[in-house]
Amino acid sequence: MPLRRARRRLKGPENMRLSRYLLPILKETPSEASIVSHQLMLRAGMIKQEAAGLYAWLPFGYKVLRRIEQIVHEEQQRAGALPMLMPTIQPAELWRESGRYDAYGPEMLRVRDRHERDMLYGPTNEEMITDIFRKTVTSYRDLPKILYHIQWKFRDEIRPRFGVMRAREFLMKDAYSFDLTKEDAIHSYNRMLVSYIRTFERMGLTAVPMRADTGPIGGDHSHEFLVLAETGESEVFLDRAVTELNLGDADIDFDDQAHVAGIVEKWTSPYARTDETHDQSVFEAETPEERRLTARGIEVGHIFYFGTKYSEPLKAMVTGPDGGSTPVEMGSYGIGPSRLVGAIIEACHDEAGIIWPEAVTPFHAGIVNLKQGDSKADAACETIYTALRKAGLDPLYDDREERAGAKFASMDLIGLPWRVTVGPRGLKNGVVELTERRGGASEEMTPEEAVARLSSVYLN
RNA sequence: CCGGGCGUAGCGCAGUCUGGUAGCGCGACGGUUUUGGGUACCGUAGGUCGGGAGUUCGAAUCUCUCCGCCCGGACCA
């Protein structure tokens, strides 16, 4: 019955059975990986390395990436930014105009098209977005604007390392703000800062905005967001108070300058700096000893205001209310979704494997059939699987002909937050087992109760 | 880019010093085992020993050369 089989294969949910999924789990740690997130991503079959700093995202890893992207999209738009998409390949022309074509160095991958025109694989998009702006916006009445896209970038790092944490090709959300005055530009900056707080909080991370070096521009309008993780690349010094702040579901009016500035003030006034800008005497003066925290962090976002650095050379001018023409005030705001996948694992794992935060988990729950082929166990798994899908959840059903131990070990490795364990022994009493990956607490309940419990965890 | 290391089966490795025609574990596949935390046993398949050149009767092993990857540093989101 080839036709029937083909049709059956096309049904979406069928793909979420492990026997039909592509999840190349590794028992041993590949020698190419040295840090835990890289090791776990390879072992859990999330990525495959194609060359130094270049990775293919396999279905399981890609799912996580998409969930992170989705949160970023939602929070960017909530803060008033407009989604768009710019190409990966850019003409060198624009970069000559800004002066960065020569300044950038060999980190920029340069290519030539068939007409011998100089092109490049974009490492960032300030020039292009400024070009788009200058050709489409001419009046102060059209301001403010914040535009963003999520696109692959390439920086030809001398020495890529740490898996997706420092790859040559990486996914980046970059937003660009355009305002008439510096004061307005700072409001745009604040919008993004607050948006970032919520973005990382939603992902289940403790990410702290830290004052960053603004370079030649000066001022204090540049912050790096660092996820706290024991294995972080840089040492950070902070007031414990900032880790205890919580934005939650607070209703934020992003157009209300004072309101947004107030939140920024609350999050950025406690001391928080990386080793690059750290000043021990300031730290000690500003922070009581019991609140001083020294930790490690991974940079996952960077925002800065840079005024007219690009609008002047590229002549992105707007006509003001007085009829005069002034270069637009700009800022740019980056988040690295592909890097975040690694950062989240660095922050959320144990000896057995990954522990996904519920907000970004690739599957909401795993169903483990302890005795594949047992008609009662098979039927119960099918029922739970279907019920979870009907409830709007995305389960992964381990229907492989494997021994229980192997299934448990796989589930722990890939880190789904919840596991429904189904076996003949429990079914005799009408129960299955619901286990939380974090902490490992287990509870017996009927299949219906398990479905209801998972629904309430995710859908509230 | 500097310094160090590695490249042998899908993965982890031994064999290289002292040249004799490739092995172990895991995985895969076929059986048996029906087993609630990577079970045990039997069997099978799978390798241009990173590429090229050279020395030699003979090269995974020695020489030259190219390539790739990893680690530390510098650099960087």
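Mentor: A polar contact here is a pair of N or O atoms within 3.5 Å, where within protein one must be able to donate a hydrogen and the other to accept it, and where residues adjacent in sequence count only if both atoms are side-chain atoms. The model is predicted, so local features need pLDDT of at least 70 and side-chain atom pairs count only at pLDDT 80 or more, while totals for chains, interfaces and linings use all residues. Side-chain values use heavy atoms, with hydrogens and water left out, residues are numbered from 1 along each chain as its sequence is written, and chains are lettered from A and ligands numbered from 1 in the order in which they are written.

Let us begin with R339, which belongs to helix α11, residues 337-347 (helices, H or I of at least four residues, and strands, E of at least two, are DSSP runs numbered from the N terminus). R339 has 19% relative accessibility and therefore counts as buried (under 20% relative accessible area, with exposed over 50% and partly exposed in between, for a 1.4 Å probe and protein chains only). Its side chain reaches the backbone oxygen of M165 at 2.9 Å. Apart from neighbours within four places in sequence, R339 is in contact with V164, M165, E233, I298 and E299, contact meaning heavy atoms within 4.5 Å.

Another buried residue is S222, at 1% relative accessibility, placed in strand β10 (residues 222-228). The side chain of S222 makes a polar contact with the side chain of H302 at 3.2 Å, and S222 lies 9.7 Å from L193, C-alpha to C-alpha, although 29 residues separate the two in sequence.

Helix α7 (residues 182-202) packs against helix α9 (residues 257-268) at an angle of about 60°, with their axes 9 Å apart. This makes α7 oblique to α9, since angles under 35 degrees count as roughly parallel, over 145 as roughly antiparallel, 65 to 115 as roughly perpendicular and the rest as oblique. By class, the contact of α7 with α9 has 8 nonpolar, 4 polar and 3 charged residues (Ala, Val, Leu, Ile, Met, Phe, Trp, Tyr, Cys and Pro count as nonpolar, Asp, Glu, Lys and Arg as charged, and the others, Gly among them, as polar).

Key. Axes are lines fitted to C-alpha atoms, for helices over the stretch in contact, and angles run from 0 to 180 degrees between N-to-C directions.
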